[in-house]
Amino acid sequence: MLISQAFRKCVTFLYAESHRRGSAEAERLPVGSAFHVGVELFPDAPGVYWAPYAVTARHVVEGHDQLWLRVRGQDIGDYKDWPIPREAWYLHPHTDIALTSLDGVENLGKSDSTFLRLSEFASRDFVQRHEVGEGDDVFFSGLF
């Protein structure tokens, strides 16, 4: 099963600063990944404005005062790290999920990133209607 490149482009790495043993200088190391979601704010005017979010696991955010979202540029190897402080993340109290708004991330529209539309997620109704279950092929967006 081939997965569209759009799904790869909606995923990014999250970095945190860390000190390697014996080093006084901090460096950014990957601690997890997040995917971008676009929520349509005006359903009656499709495509007019999307609110961009990054979604990750709560356990990735916990334990870090600040994370950096790595945004890929248009050119190969080009990227920009955007700081996202701990207080900018909403941590769900009962599940392992966290999200933050990407409205303040500059040049996001000029990056090589895309967004999953909330309407593209498999809803409970979709799963029931198409009888998605054990043995069916499914996938998730992520980076390893």
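1. Start with Asp-81, which is buried at a relative accessible area of 13% (buried is under 20%, exposed over 50%, partly exposed in between, with a 1.4 Å probe and protein chains only). The side chain of Asp-81 meets that of Arg-28 in a salt bridge, 3.3 Å from N to O (a side-chain nitrogen of Lys or Arg within 4 Å of a carboxyl oxygen of Asp or Glu). This pair links distant parts of the chain, with Arg-28 in strand S2 and Asp-81 in strand S5, 53 residues apart. Strands here are DSSP runs of E with at least two residues, helices are runs of H or I with at least four, and both are numbered from the N terminus.

2. A word on what you're looking at: this is a predicted model, where local features need pLDDT of at least 70 and side-chain atom pairs count only at pLDDT 80 or more, while totals for chains, interfaces and linings use all residues. Residues are numbered from 1 along each chain as its sequence is written, and side-chain values use heavy atoms, leaving out hydrogens and water.

3. Confidence is lowest in helix H1 (residues 5-8), with a mean of 74, and highest in strand S6 (residues 90-91), at 96.

4. Back to Arg-28, which also has a salt bridge with Glu-17, at 3.8 Å from N to O. Glu-17 sits in strand S1 and Arg-28 in strand S2 (residues 26-40), so this pair ties together parts 11 residues apart in sequence. Arg-28 counts as partly exposed at 35% relative accessibility, and so does Glu-17 at 45%. A network of salt bridges links Glu-17, Arg-28, Arg-70 and Asp-81.

5. Helix H3 has a pair of its own: Arg-129 and Asp-125 both lie there, 4 residues apart, about one turn of the helix. Their side chains meet in a salt bridge at 3.0 Å, N to O. Arg-129 is exposed at 53%, whereas Asp-125 is partly exposed at 45%.

6. Now the inside. The largest nonpolar core has 16 residues, and Leu-14 and Trp-89 are among those with the most contacts inside it (such a core is a set of buried Ala, Val, Leu, Ile, Met, Phe, Trp, Tyr and Cys residues joined through side-chain atoms within 4.5 Å). Strand S4 gives the most to this core, with 3 residues.

Technical notes: pLDDT = per-residue confidence, 0-100.
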